[in-house]
Amino acid sequence: MQPPAPLRTPVPLIGAPMAGPAGGRPHAISRAGALGMVGVSPTSDAGWIRREAAIAGEGGTPYGVGLLAWALATAPEQLEAVLELRPTLASVSFGPYAEPVRRLRAAGILTATQVCSPADLEEAEAAADVDVVVVRGAEGGGHGRDAMGTLPLLQLVLDRTTRPVYAAGGILDHRGLAAVLAAGAAGAWVGTAFLGCVEAAGSAAAKATLFAAEQTGYGRVFDRAQAADWPPEFGGRAVANAFFDEWVGREDEIDDAARARFRAAVADGDFSVAHVYAGQGVAALTGETTAAEVVAGFARALDPPSAG
C-alpha cells in the first residue's frame with residue numbers, strides 16, 4: 001500500500017476540529033497558510049459533513065476532518081462520507097480507531113490520532129499504524145485525558161516515534177509554536193486560539209464568556225448534564241462556571257432537574273450554567289479577531305531571529 005503524502009503547509013499549524021464553533025473557520029485557517037479541520041459531532045449526519053466540507057474546501061482549499069471513534073459504531077455513515085470526500089487529513093480519536101484508520105489509509109488518506117499518554121502512542125503505532133501523532137496535553141480544551149502536560153508528554157513521545165508529531169494543549173501564540181518546534185515537533189494543533197475568530201460559529205454571548213474567562217475546569221459535568229455518551233476516561237475542559245463548580249466531583253448525582261436547568265440555559269445562552277469548551281490558555285482571548293490574523297501571529301515563530 002502506497003503511504004499517503006506527508007502533510008506540508010506554509011505554517012506548521014493545524015486548527016483543531018472543534019465541532020461546535022466550526023462555521024467558516026476551517027476554510028479561513030487553510031487559506032491563511034495552516035490547515036483547518038471540520039469537527040464532526042456524534043449527531044452529525046453524512047449530509048452535514050458534505051456541506052461543511054464544501055465550505056472548508058471551496059476553491060480546492062485543503063482541509064481536514066476530525067471524527068470521534070466512539071461515535072462511529074452508531075454513525076458509520078460519517079466514515080463513509082469522509083472516505084468519499086478524501087480530505088487532506090482525517091483524524092480519528094477517542095475510542096476504537098484502528099479499523100477506521102486502516103480504511104482511511106487504504107484509501108490513500110493521511111491519518112492522525114490524538115494521544116494523551118505514552119501508552120496511547122503504543123496503540124497508535126501498533127494497532128493503527130497512524131501517519132501523524134497528535135500529542136494532546138491536559139491543558140487542551142474540549143475532550144481528552146487529564147493525564148500529562150503537553151511538554152513532558154511531547155518529549156516522551158518524540159523519544160519513542162519517528163512519525164510526525166503535532167503538539168496540542170496550551171499553545172497560545174508564536175512563542176508556544178516556536179517552543180514545540182524547537183523540541184522536535186512537526187507543528188502545533190491549536191483550538192482555543194481560534195475560538196474568538198469572527199469566522200467561528202459561537203454566539204456573541206459565548207464569545208463574551210470566552211473573552212471574560214480567567215480559568216477552566218476539567219471533568220464530566222457537562223457530559224453528564226447533556227447525557228452525552230462520551231467514554232468516561234475522556235472528560236472535558238471548559239470555562240469554569242457556577243454550574244460546573246456546583247457539580248464537579250459529584251457528576252453521578254446530576255439529576256433530571258439539573259439536566260432540565262442545563263438545557264434551558266443552553267437554549268437561553270446563559271453561560272453561568274451552559275458550557276463553553278476551552279483550554280487553559282483561554283485568558284489570552286481578549287476580543288474578536290480573524291482566523292488569518294491568528295495564523296499570521298503563529299507564523300512569527302518562523303521569523304529569523306533578529307540581530308542583537
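## A charge over a ring

The charged end of Arg 250 sits over the ring of Trp 247, 4.2 Å from the ring centre. The criterion is NZ of Lys or CZ of Arg within 6 Å of the ring centre and within 35 degrees of the ring normal.

This is a predicted model: local features need pLDDT of at least 70, side-chain atom pairs count only at pLDDT 80 or more, and totals for chains, interfaces and linings use all residues. Residues are numbered from 1 along each chain, and side-chain values use heavy atoms, without hydrogens or water.

## Aromatic pairs

The structure holds eight aromatic pairs. Rings of Phe, Tyr and Trp (its six-membered ring) pair if their centres lie within 6.5 Å; planes under 30 degrees apart are stacked, over 60 edge-to-face, the rest tilted.

Phe 222 and Phe 244 form a tilted pair, 6.0 Å centre to centre with 35 degrees between the planes. Phe 222 lies in helix 9 (residues 221-226) and Phe 244 in helix 10 (residues 242-247), so the pair ties together parts 22 residues apart in sequence. Helices here are DSSP runs (H or I, at least four residues), numbered from the N terminus.

Phe 222 is buried at 4% relative accessibility. Buried means under 20% relative accessible area, with a 1.4 Å probe and protein chains only. Phe 222 also forms a tilted pair with Phe 262: 6.0 Å between centres, 35 degrees between planes. Phe 262 is in helix 11 (residues 256-268), 40 residues from Phe 222. Phe 262 is buried, at 2%.

## The ring cluster

Ring pairs link Phe 222, Phe 243, Phe 244, Trp 247 and Phe 262 into a cluster.

Note on methods
Helix = DSSP H or I, 4+ residues; strand = E, 2+ residues; numbered from the N terminus. Buried < 20%, exposed > 50% of the residue type's maximum accessible area, 1.4 Å probe, protein only.
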